[in-house]
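Dear colleague,

My notes on it follow directly after.

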Amino acid sequence: MPLLVVIFRKKCWKGYVGTTINDVPGCLVLRCPDPSCHAAVGHDMINSLVSNESKEKYSRYLLRTFVESNHKIKWCPALGYENAIDFEVGSESYNVCAEDAHSDQVDLEE
């Protein structure tokens with residue numbers, strides 16, 4: 001079967017991508033809206049189509065999915081902290097940090 005190239009107007013793409021980001025975290029596996037096309041919508045395309053607010057929401061979904069799917073990274077449980085903790089390979093301890101011990105804190109936004 002030959003590769004199907006589907007062309008939608010930019011306005012339609014903006015609406016489709018923006019609505020998907022605002023509705024569900026499933027936007028991380030966003031596909032072409034044509035049912036016969038299975039092409040993935042990439043990060044660059046998403047950034048070129050949506051508002052800054054939607055870009056931030058998409059980035060938060062992406063970061064949250066990365067942290068939650070990696071067994072060596074955990075969210076810091078201290079109130080008011082939105083950073084993740086990266087555990088060293090070979091470390092004997094896999095305890096998540098306490099509120100007063102943030103020396104091993106990793107800001108994944110940098």
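The secondary structure comes to 3 helices and 3 strands, where helices (H or I, at least four residues) and strands (E, at least two) are DSSP runs numbered from the N terminus. Along the sequence the pattern is α-α-α-β-β-β. Please note that this is a predicted model, in which local features need pLDDT of at least 70 and side-chain atom pairs count only at pLDDT 80 or more, while totals for chains, interfaces and linings use all residues. Residues are numbered from 1 along each chain as its sequence is written, and side-chain values use heavy atoms, with hydrogens and water left out.

Of the 110 residues in the protein, 25% are buried; buried means under 20% relative accessible area, exposed over 50%, and partly exposed in between (1.4 Å probe, protein chains only). The protein exposes about 8000 Å², and carbon and sulfur atoms supply 53% of that area. These accessible areas come from the Shrake-Rupley method with a 1.4 Å probe; for residues, only the protein chains shown count as cover. Among contacts (heavy atoms within 4.5 Å) between residues at least 6 apart in sequence, 39% join residues at least 24 apart.

I turn next to the core. A nonpolar core is here a set of buried Ala, Val, Leu, Ile, Met, Phe, Trp, Tyr and Cys residues joined through side-chain atoms within 4.5 Å. The largest one has 13 residues, and those with the most contacts inside it are Trp 13, Val 17, Ile 21, Val 41, Ile 46 and Val 50. Helices α1, α2 and α3 are the elements that give two or more residues to this core, and α1 gives the most, with 3 residues. In soluble globular proteins, nonpolar side chains tend to be buried together. Ile 46 touches Val 17, Ile 21, Leu 30, Val 41 and Tyr 58, leaving out residues up to four places away in sequence.

Trp 13 also belongs to the 1 aromatic pair that was counted. Its partner is Tyr 16, and the arrangement is edge-to-face, at 6.0 Å centre to centre with 70 degrees between the planes. The rule takes rings of Phe, Tyr and Trp (its six-membered ring) with centres within 6.5 Å; planes under 30 degrees apart count as stacked, over 60 as edge-to-face and the rest as tilted. Trp 13 is buried, at 11% relative accessible area, whereas Tyr 16 is partly exposed, at 26%.

Tyr 16 is also touched by Arg 31, which lies in the loop between α1 and α2. Arg 31 is partly exposed, with 42% relative accessibility. The C-alpha atoms of Arg 31 and Val 41 are 5.4 Å apart, although 10 residues separate them along the chain.

Helix α3 (residues 52-69) has 18 residues and spans 26 Å from first C-alpha to last, close to the expected 26 Å, which is 1.5 Å times one less than its number of residues. Its buried residues are Ser 54, Lys 57, Tyr 58, Tyr 61, Leu 63 and Val 67, and their cover includes α1, α2 (43-49), β1 (73-75) and β2 (84-86). Ser 54 has 5% relative accessibility and, leaving aside neighbours within four places in sequence, is in contact with Ile 21 and Asn 22.

With kind regards
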